[in-house]
Amino acid sequence: MQNDVYDYTSQGSVAKNTVLQKTYRLLGLSFIPAVAGAFFSAKTGFNIFAMFGSYYVALAAFFGFFYGMTFLIEKNRYSNVGVALLMIFTFGMGLAISPMLQYALSINNGAQIVGTAAAMTAGVFFTMSAMARRTTMNMNKLGSFLGAGAIVLMIAVVANISLNIPALSLTIAAGFVVFSSLMIMWQVRTVIDGGEDSHISAALTIFISIYNIFSSLLRILIAISGDD
């Protein structure tokens with residue numbers, strides 16, 4: 001098994017909690033290119049949905065990037081290549097969310113809405129991470145539930161692409177908040193229990209969960225503000 005991942009933040013012997021510690025460190029590092037991607041998009045006016053000229057083509061390109069990069073990162077989950085790919089992935093996700101951020105900031109109380117979404121996301125992350133250390137929930141059953149939930153959410157997303165129903169969109173966003181919150185708890189607990197030995201894979205899962213929570217809360221808050 002390839003295991004040449006460099007520890008960017010610590011040196012010394014590998015302890016039982018090293019995977020979780022490195023997961024959090026890599027997770028923190030992964031937000032740097034994400035912020036850089038959002039900033040770059042804001043400064044240059046880059047918009048993936050405008051670049052392709054068609055919403056559906058752009059959406060297909062986004063999903064291609066998302067799942068393609070996820071596959072490559074998982075394939076290199078024990079290698080420094082995986083770390084580099086994760087940084088590229090988070091930069092791309094920063095580019096993708098930038099148009100929504102720019103729209104949010106352009107409306108009344110936009111900065112407050114973005115700040116609220118960020119604070120709520122941080123609160124969810126720390127709460128679920130803390131719960132993961134204390135929960136007695138059966139992680140196998142939770143994993144099965146999350147697997148089924150992911151399928152239901154993806155079917156709903158695909159359906160709403162053609163239906164474009166605002167109420168369904170908000171329901172999906174709320175579903176992603178709940179799903180991603182539980183995903184964070186599941187992933188952290190899985191690492192603690194020794195079921196995940198790659199901090200790259202764990203950081204990827206948690207990053208996607210945080211990203212989904214923030215973007216979903218932002219969408220909900222914008223709708224509640226009456227500017228959506």
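Reply: What follows is a short walk through some helices and a surface patch of this predicted model.

Me: Start with α6. How many residues does helix α6 have, and how far does it reach from its first C-alpha to its last?

Reply: The expected span of a helix is 1.5 Å times one less than its number of residues. Helix α6, residues 139-163, has 25 residues and reaches 35 Å, close to the 36 Å expected.

Me: Which residues of α6 are buried?

Reply: An α-helix has 3.6 residues a turn, so residues three or four places apart point the same way. In α6 the buried residues are M139, L142, L146, G149, L153, A156, V157 and N160. They pack against α3 (55-75) and α7 (166-192).

Me: What caps the N-terminal end of α6, and what comes just after the helix?

Reply: The cap is N138, which places a side-chain oxygen 2.9 Å from the backbone nitrogen of N140. Just after α6 comes N164, with a positive phi of about 55°.

Me: Now α8. How many of its residues are buried?

Reply: Buried means under 20% relative accessible area. In α8, 22 of the 27 residues are buried, so this helix is largely enclosed by the rest of the structure. Helix α8 covers residues 199-225 and reaches 38 Å from first to last C-alpha, close to the 39 Å expected. G226 follows α8 and has a positive phi, near 90°.

Me: Is T23 buried or exposed?

Reply: T23, found in helix α1, has a relative accessible area of 0% and is therefore buried. Apart from residues up to four places away in sequence, T23 touches H199, A202, A203 and I206.

Me: And what is A34 in contact with, leaving aside its neighbours within four places in sequence?

Reply: A34 also lies in helix α1, which spans residues 18-44. Its contacts, with those neighbours left out, are T90, F91, G94 and F207. Sequence distance and spatial distance should be read separately here: A34 and F91 are 57 residues apart in sequence, while their C-alpha atoms are 4.3 Å apart in space. A34 is buried because its relative accessible area is 11%, below the 20% cut-off.

Me: To finish, which residues form a nonpolar patch on the surface?

Reply: To qualify for a patch, a residue needs over 30% relative accessible area. Here M51, F52 and V57 form a nonpolar patch, and together they have about 270 Å² of accessible area. M51 belongs to helix α2, residues 48-51.

Notes:
Residues numbered from 1 in each chain as written. Predicted model: local features only at pLDDT ≥ 70, side-chain atom pairs only at ≥ 80, totals over all residues. Heavy atoms only, no water. Patch = residues over 30% accessible without salt bridge, like charges linked within 9 Å, V, L, I, M, F, W, Y side chains within 5 Å. Areas by Shrake-Rupley, 256 points an atom, 1.4 Å probe, with all protein chains shown as cover. Salt bridge = Lys/Arg side-chain N within 4 Å of Asp/Glu carboxyl O. Helix = DSSP H or I, 4+ residues; strand = E, 2+ residues; numbered from the N terminus. Buried < 20%, exposed > 50% of the residue type's maximum accessible area, 1.4 Å probe, protein only. Contact = heavy atoms within 4.5 Å. Polar contact = N/O pair within 3.5 Å; in protein donor to acceptor, adjacent residues only side chain to side chain.
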